[in-house]
Amino acid sequence: MSEPRPNMTSWWSDEPIGRPSDDRFGRQGFIAHAVELVQQIGTQPSSTVIGLVGPWGSGKTSSMHLIVAGLPEGIWRVTWINPWALSGADAVITELLGAIRAALPAGGPADRAKAALARYGKYAVPALGLIPLVGGPVKDAATHAIGQAGGDGTLGERLKEAEAALRALHQPVLVVLDDLDRLQPDQLLTVFRAVRVLGRLPYVHYLAAYDHQTVIDVLCATPVASGRVDRAVAFLEKVVNLPLDQPPFRSEHAQDLLAAGISGALAAASATVTEEVAVRLGREQDAILRLLTEPRALSRLVAQLRIYLSLIGAAEVDVVDFLALTHLRLTHPVLYRALSVDRLELTTAPDREVADQLERKYSAASLRDQFHVPAAHSELIEVMLWRLFPILDSETRLGHDGGRGRKRKRDRRASDPDHVERYFALSAIAGDFSMASLTAALDELRRGVSGPASRELASVLMPNHADRTSVAAAVSALRRAETLTDDVLPVEAGRVLPFLVARLPALREPLPANGGTERAAVAWLAQLMARADQPAPDDLVAAFCTGPQEPTLLTLLIRALQPGLATLDAAGWYGAMVLSATHAAWERVLANVSLSDEALSEPVAALIQWIEDVWGADEVNRLLAQAIDDGRPMSAVAARLVEVGTTFPTNQSTMVDFDAGGFIQRLGYERVVGSRLDLGEAAEPAGAALDEDDVSWRNRRRLAARQILHVLETEERDPAALLPLAPDLEAGPFRNANTNLLSSVNPPPEAVVQVRFVLPAGHDRLLPDQREDLLATALAGSPLASWLEHETSSGSIPWRVTDGNAYGFTELTWDPGSGAAPFVVKAQVNSMLTIAVGLLAHDPPPTLQTLYMLLSAMLQSSDTAADIGRRLGGTIARDWSVDTEVTLSARDDLDKVFSLGQITRYGRAQRTQHTKTLAIGVGNVPPADATAAVLNQWLSDARYRGYAPTLYSLWRPRPANPTDPQPEPHS
């Protein structure tokens, strides 16, 4: 039977070539030599088995077709056998002999040879199953078995008859056996037995293709070798007389095949490749060529690239990342599936622990052990994963990516959470707004025109919040739009802004953290406003203002403006926007308060906080006081400052907190006392339980009024009950570092206040002189330095370095010079910033107020510690807080060291507690609260009583009522 001539005209086909003109790998010389060798073999009657040896996918089938095509017509009769279709010994010998018979010509001696082969087959089919697998001459065993079975002659006689007929015919026959290395062990052994024992007929030759190592591995699984490689090799050598090694696939041919295939895929998908992408594409091709070394693997890769890149759309993905992931999908499917499962963690910014886990999971060692990546390829694949997902590369993750993160988003890289789904979906995502459509829409908006693309975008940005697919499409479009407009001109940003503002009502989320549309819209709004210079600020802000009974959009506006406050240029368009938004926010607050319990439930506290961020706390206090003096109920104002939260997973709103003491301090004690009647009415009914899940303005007024009245009554009766308590925290990092900076001072201070701050970990790369200058400058600008200079009525006093080494230890002393000062001050910096202030003997002695103000200034210097840590290379997260230790000590009883007035101590035991050490987290406790808490604890533990009114007045001073109109600095 003859094999049809292959045709390699289709790029998706894996069919072998059949014409020498189709050869692209320069194997003509090898083919010509093989044809000549087969010709020589064909002149001899002795049957020969030629083995064409090469790895899977190296083109062995194509080489066999070219060899067959090179044989002279009319001389050879060629038949092809597919071993995959054979099952069992009878099928093997039947197919083998049938193929030889079919290859013979018709008429005369050929017919006699066919008849002889048919009679031989009747005996050979049952005999093959009786031949032992190992040991003994198998041909003799078969002959003996058939002879014992009786019948018309023996197998040997029928074999001789067939041999004589074939010799007389003198017709060379070539039996082609392909893909022997893909057979199961029993199938392979059966084929080899048939060829070796029963198929050695005169002028019948075999051309068999296989991968040597695979065949050896398969034979080792059979009784022929029983796991012994040497026996498997010996068996194969007995079967195959003449092995021919397929020429290796040369690197230049591999490069040409891959480059041509990628070019075809890019052309089919109408892809545009920038110069930067072309460079990356070349690097990825080089990596793939080190991993895929055979034609079939490369052809499969480019075929898959061509299919799916066109299906997804080249504009939707980065073609280089898509090429790399296509390779992983085909070659390492287990790894590819794991990446798909982890895609969200790989593309977002998880905490460091999660990132470290991912890095370990996809390390070279894990690729070998868990994902079965060959050891020779594991490091190449690891680096490929780094290029795909930079979070797996600790150097990039720790911030050394040269600011390329934003560019990766613009380029639709696999590491962008807004595009990663496309790499694993392998098809267009249902409901998704394509990148091509989004680009067209933004182009229309930047030009200030309304077209079909921008109208389609407007439709996408009106999601059904009950439909997760609709919400996801809106979020994706918003986030990608933000990326694509990060370089717009100011006039273009001004044209896009009205379009986005008009969509904001539809993008508001009905529940907190529902789907992210609100967050994504605010991020895009913030970016556009940071670049815009139009429209007129008052006109744009007016678009955010709604009626008093309609949900306000101002909270979205102030969230978008918040990031720009740190670098605000008050004279520019952005500064005008901030001013206009703040005026609008205050008007909204007044409108809401004026409606009292009938007002719409909205985050008024967030508006008040924004006004405070812009105009300052004093101005906000004045405005609130003015609102009350103008007739608005104090309880209604207080209700707007009740903190409300959301309980998950029920999404139940609940009242969380209200700072009654702070409210009294903000508005003035006398004003609050003057509103007792309003507060009393709001607190009714007295004694009734409060439902904290009822967040109506009426219930919030009730909560605020009750707490304010409670503070007023307690302050008059027992102020000690209102004082804060020191937090109960572990000593943590201070446990093994016991430092007393002033132990060597002579004469010793009467009292010492020492504070230690843990600095953020980092890598200090400064020279000693640079480090010393940095520390001296930072301490000179600290709140403590300001207080010391105020207390001593002196100007700026330098900090002088008194000790240090090259390993990060520095000691500094506050040096007032020759002038007498009641303080001695030292600071030490290593992994902590330690500051100690000693109060020297002085007449008159320091008061409790002096001690309070000193400790408060020292705790406020936590910002100085954070600044020092940052400038020394430490990494400070947004939620980082300064771990702090406070130590207070006195040489004698406190009333002998300080002037405590009417404060008395109960008991005069010989042993008294003169020293107190507390560990606190200043980042989580306001310095004023921490100061009051520490002194409250110290005085209480030392058994002093009667200090509460004095300490409370220092902690919560009663300011004058801020009633007098002041010029508005914000106007």
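The model is predicted, so local features need pLDDT of at least 70 and side-chain atom pairs count only at pLDDT 80 or more, while totals for chains, interfaces and linings use all residues. Residues are numbered from 1 along each chain as its sequence is written, and side-chain values use heavy atoms, with hydrogens and water left out.

The secondary structure of the protein comprises 43 helices and 16 strands. Helices (H or I, at least four residues) and strands (E, at least two) are DSSP runs, numbered from the N terminus. The protein has 971 residues, and 50% of them count as buried. Buried means under 20% relative accessible area, exposed means over 50%, and partly exposed lies in between (1.4 Å probe, protein chains only). Contact means heavy atoms within 4.5 Å. Among contacts between residues at least 6 apart in sequence, 73% join residues at least 24 apart.

Helix α24 spans residues 468–484, and helix α26 spans residues 517–531. Their axes come within 9 Å and cross at roughly 15°. Axes are lines fitted to C-alpha atoms, for helices over the stretch in contact, and angles run from 0 to 180 degrees between N-to-C directions. The helices α24 and α26 are therefore roughly parallel to each other. Angles under 35 degrees count as roughly parallel, over 145 as roughly antiparallel, 65 to 115 as roughly perpendicular, and the rest as oblique. The crossing of α24 and α26 is left-handed. A crossing is left-handed if the near helix is turned anticlockwise from the far one by less than a right angle, and right-handed if clockwise. Residues of α24 in this contact include Val471, Leu478 and Arg479, and those of α26 include Ala520 and Trp524. The contact of α24 with α26 has nine nonpolar, two polar and two charged residues. Ala, Val, Leu, Ile, Met, Phe, Trp, Tyr, Cys and Pro count as nonpolar, Asp, Glu, Lys and Arg as charged, and the others, Gly among them, as polar.

Helices α39 (residues 848–860) and α43 (residues 948–955) have axes that come within 11 Å and cross at roughly 40°. These two, α39 and α43, are therefore oblique to each other. Their crossing is right-handed. From α39, Leu848, Gln849 and Tyr852 meet Thr950, Leu951, Leu954 and Trp955 of α43. The contact of α39 with α43 holds five nonpolar, two polar and no charged residues.

The structure contains zero disulfides (pairs of cysteine sulfur atoms within 2.5 Å). Cys220 is buried, at 15% relative accessibility. Cys545 is partly exposed, at 35%.
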